[in-house]
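Student: I have a model open and want to learn how to read it. Where do I start?
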Amino acid sequence: MSEFLLSGLLNGLAVGSIYALIALGFALLYKSTKILNLAHGELVLFGGYLAIALTRAVPFPVAVVLTLLAAAVLGFTVERVIMRPLFGQPLLSVIIVTLALGYVVRGLMVGIWGGSTRNFPQVLPGGIVRVAGIPIQPAGVYSAVTAACLLLGFWLFFRYSLVGIAMRAAANDQLTASTLGVSLRRVFAYAWAFASIAGAVGGILLGLWLGVNFALGFVGLKALAAVILGGLDSIPGAILGGVTIGIIETIAGGYIDANIIYGFKDITAFVVILLVLLVRPYGLFGTEHVERGRSMWNDSEIPGTRDRGNGGTRKNPSDRVAYRGNAA
Amino acid sequence: MSVRPAGDFKTSYVQDMAILDTRSYRLGFAVLVAGLLLAPWWAGRFIFLLNTIGIYAVGACGLGLLTGFTGQISLGHAAFMAIGAYSSAFLSQALRFPFLIALPVTSLITFLFGVVVGLPSLRIKGLYLAIATLAFQFLTEYALIHATGGIGSTTVPPIVIGGWTVRTDRQFYYIVLVVWLAAGAFAANLVRSRIGLAFMAVRDRDYAAQVLGLDLLYYKALAFGIAAGYAGIAGSLWAHYNRLITTEQFNIGASIDYVAMIVIGGLTSAWGPHLGSAFVWSLSQGLQIFTPAVLAVFPAFGKIATPLREIVFGVTLIALLIWEPGGLAMLLRKLKRKLDLWPFAY
């Protein structure tokens, strides 16, 4: 039993560190743009598939660098083409648009790479590594180490670099940061690029471990569970949440899978989401939201309901159209 | 087109409350209903498409009430449809309920599920509610797979009303049509009633609605219940139509389709869900016809053909949200206004 627990803990830690990295992208994006990116799983897939495709042509390290560059470009493009016109739009529009983005990215990937599982060529030493007598795949160890390094890198970036400080300022209070000369547009663009990069790294690491297929897209939802657990706008929370989800999934999910009911591992994340939302919706470290007046961003959650009072059932809507002009 | 008198010439409350308030509206609606009644003669083999559109329009009506009119975002609507489909299958297969009883009972069951799922919406809002309903979607799928012994599929007997067994698509179409019209009319009237006005007050600002004396818990739970009831009816029809249901028919993709339908159709319009359902299913059917035709000309197109539906879908949604968040219903209104005023700008 203790062996099972220890092995679960180590494996959970390894997979959890990858979740943490992906969740970091989630939390970063939410913190600075207030957008919950439901296409994050697709960004993870994109990283995995692109890296595999590139390793056929160039050596692995070069492929990784190119993938990260491509991910950054993808992030910038998404921000510029899709998100900027929707700046300040109702919550539902933003949720739907990220879902639609996920559809498009996924569809393009199916079109280009097909639906089957793909594996990286052998870039890591094979065999089994033993940590404290517990067998663990080397990919797990590498993943954990890489993820830890990257998390440290992100932390240093936000602590010391000018862009990082600007991003934290914008996350803290968009309006104030904007009046103090922080370009919100640039911050949003960087946030998308970093989220995309974090997702791509997660995709590569998971791909090295498990191979890349479309089931991997669900990892985006596990990262969602991690950020909900940690608190949507908390970066340390996302990291801790990711590691916790990894461990819970491996130990509790693994135990229930083997002994009680099959297939539970895959839905552990959702059980965690529901429990956290019911008990402590703002997560472990998130800002507790006190509702006071209306914020400038989510004026309304439902598109088409800005001018209140008629709810769209007015018989003659044409005067409303005239009032709003053709601005739509 | 539908010219409106410059003044307000309504002289009675009945006239003022009429949904179809001009002669051309009434005429147009009559033509529409007549066209739908005669559909088996003009739709030919595409009658199955009308069946699908009708069934999904019923479900989308419920989601329209919940999201468009009450402001509660749900990413788990297909889960209610699944619950409806499986309970309907259970009622008519195991308990031998006739369809006319199974349908309302199914709706009642899903209504209760909806109320239970809606209870946390008092505490969880907006984004968090969307995530909670997403989790509900996955948990329902999982529970259904295990409840059916790990297969997730089950068969459903055909509809029998009196001594009449519904076998063909055409016969089924009339059942769908009756339910569809009733559901649409109920939704259109509900939003004008006290309940509908309360829903809109909750949507526009829930605390303000509470200050005005509305019981938030009651109305939010009721909205979820009604939405789920609609989804249950859709699920029951779907189960009897397909005769073989699997959990994959009601996965997260179907939930997103539902949200896409109401967003494409127009969230705050009674016509929105119907337009959205018609658009979404016609688009996907159109692509199924269009793709092989293009493939015959450009074989290189083949790789992108499989996921074409997803891509076109995503692009349509993004474009619509950027340029016309009011959806098709708003586009139609704008078009009508253009035509009314033509050749003047305003």
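Student: Where in chain A does pLDDT stay under 50?
Tutor: Start with the general rule. Where pLDDT is low, the predicted coordinates should not be read in detail. This is a predicted model, and in chain A pLDDT stays under 50 over residues 307-328. The model has 22 contacts beyond four places in sequence for that stretch. Residues 293-298 of chain A also stay under 50, with 6 such contacts.

Student: Which element of chain A has the lowest confidence, and which the highest?
Tutor: Helix α12(A), residues 318-324, is lowest, at a mean of 37. Helix α3(A) is highest, at 92. For chain A as a whole, the mean pLDDT is 79, and 84% of its residues reach 70 or more.

Student: What are the corresponding values for chain B?
Tutor: Chain B averages 88, and 96% of its residues score at least 70. By element, the lowest mean is 67, in α14(B), and the highest is 95, in α11(B), residues 216-242. The complex as a whole gets an ipTM of 0.84 and a pTM of 0.87 from the predictor.

Student: Now the fold. How many helices and strands does chain A have?
Tutor: Chain A has 12 helices and 2 strands. Along the sequence the order is α-α-α-α-β-β-α-α-α-α-α-α-α-α. Of the contacts in chain A with a separation of 6 or more, 77% join residues 24 or more positions apart.

Student: How do I read burial along one helix?
Tutor: Begin with the geometry. An α-helix has 3.6 residues a turn, so residues three or four places apart point the same way. Now take α6(A), residues 162-172, where A:Ala166, A:Met167, A:Ala170 and A:Ala171 are buried. Seen down the axis of α6(A), these buried residues fall within an arc of 140 degrees, so they line one face of the helix.

Student: What covers the buried residues of α6(A)?
Tutor: The cover includes α1(A), α5(A), α7(A) and α8(A).

Student: Next, helix pairs. At what angle do α2(A) and α3(A) cross?
Tutor: Read distance, angle and hand together. The axes of α2(A), residues 40-55, and α3(A), residues 60-83, come within 9 Å and cross at roughly 140 degrees. The crossing is right-handed. On the α2(A) side, the contact residues include A:Phe46 and A:Leu50. On the α3(A) side, they include A:Val64 and A:Leu74. By class, this contact has 12 nonpolar, 3 polar and no charged residues.

Student: Which residues meet where α12(B) passes α13(B)?
Tutor: Among them are B:Met261 and B:Ile264 in α12(B), and B:Leu275 and B:Phe279 in α13(B). The contact holds 8 nonpolar, 5 polar and 1 charged residues. The two axes come within 7 Å and cross at roughly 115 degrees. This crossing is right-handed.

Student: Last, the interface. How many residues does each chain bring to the contact?
Tutor: The size of an interface is often given as the accessible area lost when the parts come together. Here we count residues: 56 from chain B and 50 from chain A. On the chain B side, several helices each supply at least two residues, including α4(B), α9(B) and α16(B). The largest share, 11 residues, comes from α7(B). By class, the chain B side has 33 nonpolar, 11 polar and 12 charged residues.

Conventions
Residues are numbered from 1 along each chain as its sequence is written. Chains are lettered from A and ligands numbered from 1 in the order in which they are written. This is a predicted model: local features need pLDDT of at least 70, side-chain atom pairs count only at pLDDT 80 or more; totals for chains, interfaces and linings use all residues. Axes are lines fitted to C-alpha atoms, for helices over the stretch in contact, and angles run from 0 to 180 degrees between N-to-C directions. Helices (H or I, at least four residues) and strands (E, at least two) are DSSP runs, numbered from the N terminus. A crossing is left-handed if the near helix is turned anticlockwise from the far one by less than a right angle, and right-handed if clockwise. Two residues are in contact if their C-beta atoms, placed from the backbone, lie within 7 Å. Ala, Val, Leu, Ile, Met, Phe, Trp, Tyr, Cys and Pro count as nonpolar, Asp, Glu, Lys and Arg as charged, and the others, Gly among them, as polar. A residue is buried if 20 or more other C-beta atoms lie within 10 Å of its own, exposed if 12 or fewer, and partly exposed in between; C-beta atoms are placed from the backbone. The arc is that of the directions from the helix axis to the C-beta atoms. pLDDT is the predictor's confidence in each residue, from 0 to 100.
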